[in-house]
Amino acid sequence: MGETIWAPQAANRVDRYTPAEADLVFIAGMDWQAYLPVKSDQAPPIVNLVQHVRHADPDADVYPFLEQHAIRICVSREVEAAILDTGRVNGPTFTIANGVNVESLLSRRRAARGSDVYILGSKSGELARGLATSLEQHGLKVTTHAEFTARDQVLDAMASASVAVLLPHPSEGFYLPALEAMALNELVVVPDCVGNRSFCAHQENCLMPGYTLDELAAATLDALAMVKTGRSGRFREAAASTLNQHRLERERADFYRLLDQLDALW
């Protein structure tokens with residue numbers, strides 16, 4: 001199978017896709033393209049993971065699949081509200097918010113910070129580079145990832161800085177890096193990206209400036225000033241509470257609880 005995340009499961013690989021023989025069909029994104037041609041009249045229950053608000057966009061490739069009967073799990077309340085607003089959803093819909101391995105993240109935290117600021121800018125490279133230049137003109141040490149980078153490298157770089165600045169797409173389904181940064185950094189700067197509204201709160205557990213270079217730079221300087229003067233403690237406390245609500249164990253328990261209701265829901 002090559003060097004993929006599925007390599008340890010090579011022995012369980014099958015040569016044919018036969019979902020009718022399964023107890024449950026789990027589908028996400030464009031998986032419907034593979035499933036619908038082989039769907040049987042006695043199809044097992046279908047659980048459809050919906051991870052982005054784009055599913056509610058009439059121009060999106062995944063939009064037509066909302067009419068397929070399924071039990072839908074949305075990764076945020078914003079995603080659930082978006083698809084329900086279309087009036088096209090066929091089947092019950094739930095939100096199970098994304099979770100993270102809090103202990104694993106906290107184990108990466110460092111007492112000594114090698115950088116003042118870390119910028120995660122793989123989704124907005126030009127802005128990330130411009131922001132880094134602007135901050136460096138203030139004499140700050142900045143680490144920037146303006147291209148897609150392996151997750152371990154991102155987390156290590158994030159943990160090495162006092163403040164993390166995150167540049168998501170303008171719309172996301174959830175945006176996990178914000179939670180990861182809350183575990184690893186003293187203060188997080190992240191603009192609104194729709195899917196982060198349910199767990200990112202401006203001036204409570206993070207700073208949420210407008211998505212412009214000037215506003216991001218100003219917010220980052222404010223964040224650093226709060227860290228250096230000891231005023232970031234309330235943000236850390238609020239971030240810890242947010243993380244506690246988004247533990248991987250809670251996400252797993254919510255999913256298993258839904259599976260226990262599968263027959264009734266289907």
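This is a predicted model: local features need pLDDT of at least 70, side-chain atom pairs count only at pLDDT 80 or more; totals for chains, interfaces and linings use all residues.
**Exercise 1. Is strand S5 largely enclosed or open, and why?**

Residues are numbered from 1 along each chain as its sequence is written, and side-chain values use heavy atoms, with hydrogens and water left out.

Solution. 
- Step 1: Locate the strand. S5 covers residues 115-120; strands (E, at least two residues) and helices (H or I, at least four) are DSSP runs numbered from the N terminus.
- Step 2: Apply the burial scale. Buried means under 20% relative accessible area, exposed over 50%, and partly exposed in between, with a 1.4 Å probe and protein chains only.
- Step 3: Conclude. Because 5 of the 6 residues of S5 are buried, S5 is largely enclosed by the rest of the structure.

**Exercise 2. Find the strands joined to S5 and describe the path from S5 to S6**.

Solution. 
- Step 1: Take S7. S5 and S7 run parallel and are joined by 5 bridges; Val117 stands opposite Val163 of S7.
- Step 2: Take S6. S5 and S6 also run parallel, with 4 bridges, and Ile119 has Thr144 in S6 as its bridge partner.
- Step 3: Follow the chain. From S5 it passes through helix H4 (residues 125-136) to S6, a right-handed β-α-β crossover. Right-handed here means that, with the strands pointing away from the viewer, the path from the first strand over the helix to the second runs clockwise.

**Exercise 3. State which residues of helix H5 are buried and what they pack against**.

Solution. 
- Step 1: H5 spans residues 151-159, and its buried residues are Val154, Leu155, Ala157, Met158 and Ala159.
- Step 2: These pack against helices H3 (102-106) and H6 (176-184) and strands S5, S6 (142-145) and S7 (161-166), where contact means heavy atoms within 4.5 Å.
- Step 3: A nonpolar core is a set of buried Ala, Val, Leu, Ile, Met, Phe, Trp, Tyr and Cys residues joined through side-chain atoms within 4.5 Å. The largest one has 60 residues, and Met158, Leu166, Met182 and Cys200 have the most contacts inside it. H6 gives the largest share of this core, 6 residues.
- Step 4: Another core lies apart from it, with 24 residues, including Leu131 and Leu216.

**Exercise 4. Trace the salt bridges of Asp156**.

Solution. 
- Step 1: The whole structure has 14 salt bridges.
- Step 2: Asp156 meets Arg108 at 2.8 Å, N to O. Asp156 is in helix H5 and Arg108 in the loop between H3 and S5, 48 residues apart.
- Step 3: Asp156 also forms a salt bridge with Arg110, the closest N and O atoms being 3.9 Å apart. Arg110 is in the loop between H3 and S5, so this pair ties together parts 46 residues apart in sequence.
- Step 4: Asp156 is partly exposed at 33% relative accessible area, as are Arg108 at 23% and Arg110 at 35%.
- Step 5: Arg108, Arg110, Asp152 and Asp156 form a network of salt bridges.

Notes: Two strands pair if DSSP finds at least two bridges between them. A salt bridge is a side-chain nitrogen of Lys or Arg within 4 Å of a carboxyl oxygen of Asp or Glu.
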